Amino acid sequence: MTAPVSDRALTETGLDLSEPAGEGRLLVIACGALAHEVLALKRLNGWAHLDLVCLPAKLHLFPEKIPGAVREAVAKGRAGGHRRIYVLYADCGTGGMLDRMCEEEGVERIAGPHCYSFFDGNQAFAARGDEEMRAFYLTDFLVRQFDAFVWRPMGLDRHPQLRDMLFGNYEALIYLAQTDDPALDAKAEEAARRLGLEYRRRFTGYGDLAGALAGAMGD
């Protein structure tokens, strides 16, 4: 049984649960923010031949670094014997650079502009369009790591007066929940209060992530 992985480790250093001899196995290269969901789906579906490597979630603070980091992980995976590789990153602010890298390396990635979209379902998210144009989103991981990814990087811990300038054009914080967890719900509502936004919650489960991984596994 895999020991629990801390969100701090997933944020700072990532995770490597790949087998050294990977031939015949699927290597999933994912953002650390998706580790818990991938491991849950692996358990639920009995995907014994799925190997997981997560890059540090803090790369999202520097999206221009994501394509290079993924390319390095692809090369390392192939050196370890993996011939089947799937990239579990949306575009994530790379402006198409990740897609160009995937094309050059001959690997596929999950569809979508960001994880909010594929958790909600890309079609459903796009269909809402203007309805949620002024929404700020959180996932389970980002609720747990709200201070690390929102409050401190935006300087709100040092300059709380910046809040209205940074979030004045938003109307609501929408928590896209992968799990039904009252504790996370309370934390998400508190995050909305701290940002001065209306709170909404929408249960998404794993959204398009489950089908994308099943397709990559060949199920």
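Is Arg109 buried or exposed? Arg109 counts as buried, at 16% relative accessibility; buried means under 20% relative accessible area, exposed over 50%, and partly exposed in between (1.4 Å probe, protein chains only). The model is predicted: local features need pLDDT of at least 70, side-chain atom pairs count only at pLDDT 80 or more, and totals for chains, interfaces and linings use all residues. Residues are numbered from 1 along each chain as its sequence is written, and side-chain values use heavy atoms, with hydrogens and water left out.

**Salt bridges**
- The count comes to 20 salt bridges, each a side-chain nitrogen of Lys or Arg within 4 Å of a carboxyl oxygen of Asp or Glu.
- Arg109 and Asp99 meet through their side chains in a salt bridge (2.6 Å, N to O).
- Arg109 lies in strand E5 (residues 108-109) and Asp99 in helix H4 (residues 97-105), so this pair ties together parts 10 residues apart in sequence. Helices (H or I, at least four residues) and strands (E, at least two) are DSSP runs, numbered from the N terminus.
- Asp99 counts as partly exposed, at 35% relative accessibility.
- Arg202 pairs with Glu132 in a salt bridge, their closest N and O atoms 2.8 Å apart.
- That pair links distant parts of the chain, 70 residues apart. Both Arg202 and Glu132 are buried.

- Glu190 and Arg193 form a salt bridge (2.6 Å, N to O).
- Both lie in helix H10 (residues 182-195), 3 residues apart, about one turn of the helix.
- Glu190 is partly exposed at 34% relative accessible area, while Arg193 is exposed at 54%.
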